[in-house]
Amino acid sequence: MVALAGCDSSPTPTNSLGLNSRYNDEQPALSGDGRWLAFVSNRNGSNQIAVYDLRQRRFVDLPGLNQSSAIAQNPSLSLTGRYITYIINDRGRPEISLYDRETQQSEILSQRYSSWVRNPKISPDGRYVVFETARRGQWDVEVLDRGPNIELDVPDGSPVQ
């Protein structure tokens, strides 16, 4: 069992490698296979997305995901944690971004939306992203299809449909 809150009375080093710390950790999301935990943490001085491997009990590197000039929030994970969708705000306007842990690349998915967006959630296979948009002056739900040609997040050995 892993606790997310910092309830331990012993001092935790600021460079703690474990989940529990004296920093704010919030907005948790669990991968479909239960192995990967993503959340927003201010451990490095600004709100950044962190991913923790619950099996190995360690944080994983996310090269290129967090930017010092941007605020990242609302992470969501695909089945095996390959894809992470999240909100990034670096110019005062939130955008939905997708990070591929395999290629270590991020891409903005909401470029064609001129309205506000929030709370993206990715489907287990990584093809669909559902989110809220204020396109009509109220919050509505939309589904973004990344298309049939993306590499789906399926466990190794699974048949491709």
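These legends describe close-up views of one predicted protein model.

Residue numbers start at 1 in each chain and follow the sequence as written, and side-chain values rest on heavy atoms, with hydrogens and water left out. Because the model is predicted, local features need pLDDT of at least 70 and side-chain atom pairs count only at pLDDT 80 or more, while totals for chains, interfaces and linings use all residues.

**View 1**
The protein chain holds 11 strands and zero helices. Both are DSSP runs numbered from the N terminus: helices are H or I with at least four residues, strands are E with at least two. Along the sequence the pattern reads β-β-β-β-β-β-β-β-β-β-β. Of the 161 residues, 40% are buried. Buried stands for under 20% relative accessible area, exposed for over 50%, and partly exposed for the range in between (1.4 Å probe, protein chains only). A contact is a pair of heavy atoms within 4.5 Å. Among contacts between residues at least 6 apart in sequence, 33% join residues at least 24 apart.

**View 1. The open sheet β9-β10-β11.**
Three strands form an open sheet in the order β9-β10-β11, with antiparallel pairing. The edge strands are β9 (117-122) and β11 (140-145); each has a single partner strand, so one side of each lacks a neighbour in the sheet. On average, neighbouring strands here are turned by 25 degrees against each other, direction ignored. For such angles, axes are lines fitted to C-alpha atoms (for helices, over the stretch in contact), and values run from 0 to 180 degrees between N-to-C directions. Strands count as paired if DSSP finds at least two bridges between them. Strands of a sheet pair through backbone hydrogen bonds, either parallel or antiparallel.

**View 2. The β9-β10 hairpin.**
Four bridges pair β9 with β10 in the antiparallel sense. One of the bridge pairs joins I122 to V129 in β10. Five residues lie between the two strands of this hairpin. In the turn, G126 has a positive phi of about 85 degrees.

Strand β10 (residues 128-133) runs antiparallel to β11, joined by six bridges. Y128 stands opposite D145 in β11. E132 has V141 of β11 as its bridge partner. The hairpin has six residues between the strands, and G137 takes a positive phi near 85 degrees.

**View 3. Aromatic pairs.**
Rings of Phe, Tyr and Trp (its six-membered ring) pair if their centres lie within 6.5 Å; planes under 30 degrees apart are stacked, over 60 edge-to-face, and the rest tilted. The count comes to three aromatic pairs. Y52 and F59 form an edge-to-face pair, 4.9 Å centre to centre with 75 degrees between the planes. Y52 is buried at 4% relative accessible area, whereas F59 is partly exposed at 23%. Y113 and F131 are also edge-to-face, at 5.1 Å centre to centre and 85 degrees between the planes. This pair links distant parts of the chain, 18 residues apart: Y113 sits in the loop between β8 (105-108) and β9, F131 in strand β10. Y113 is buried at 6% relative accessibility, and F131 is buried at 1%. Ring pairs also link F39, Y52 and F59 into a cluster.

**View 4. Arginines over rings.**
A charge sits over a ring if NZ of Lys or CZ of Arg is within 6 Å of the ring centre and within 35 degrees of the ring normal. R101 lies over the face of W36, 4.1 Å from the ring centre. The charged end of R146 sits over the ring of Y83, 4.6 Å from its centre.

**View 5. D100 in strand β7.**
D100 belongs to strand β7 (residues 94-100). Its relative accessible area is 8%, so D100 is buried. A polar atom of the D100 side chain lies 2.8 Å from the backbone nitrogen of E102. Leaving aside neighbours within four places in sequence, D100 is in contact with R82, Y83 and Q105.

**View 6. S46 in the β2-β3 loop.**
S46 lies in the loop between β2 (36-41) and β3 (48-53). With 23% relative accessibility, S46 counts as partly exposed. S46 and N66 are 20 residues apart along the chain, and their C-alpha atoms are separated by 9.7 Å.

How values were computed:
A polar contact is a pair of N or O atoms within 3.5 Å; within protein, one must be able to donate a hydrogen and the other to accept it, and residues adjacent in sequence count only if both atoms are side-chain atoms.
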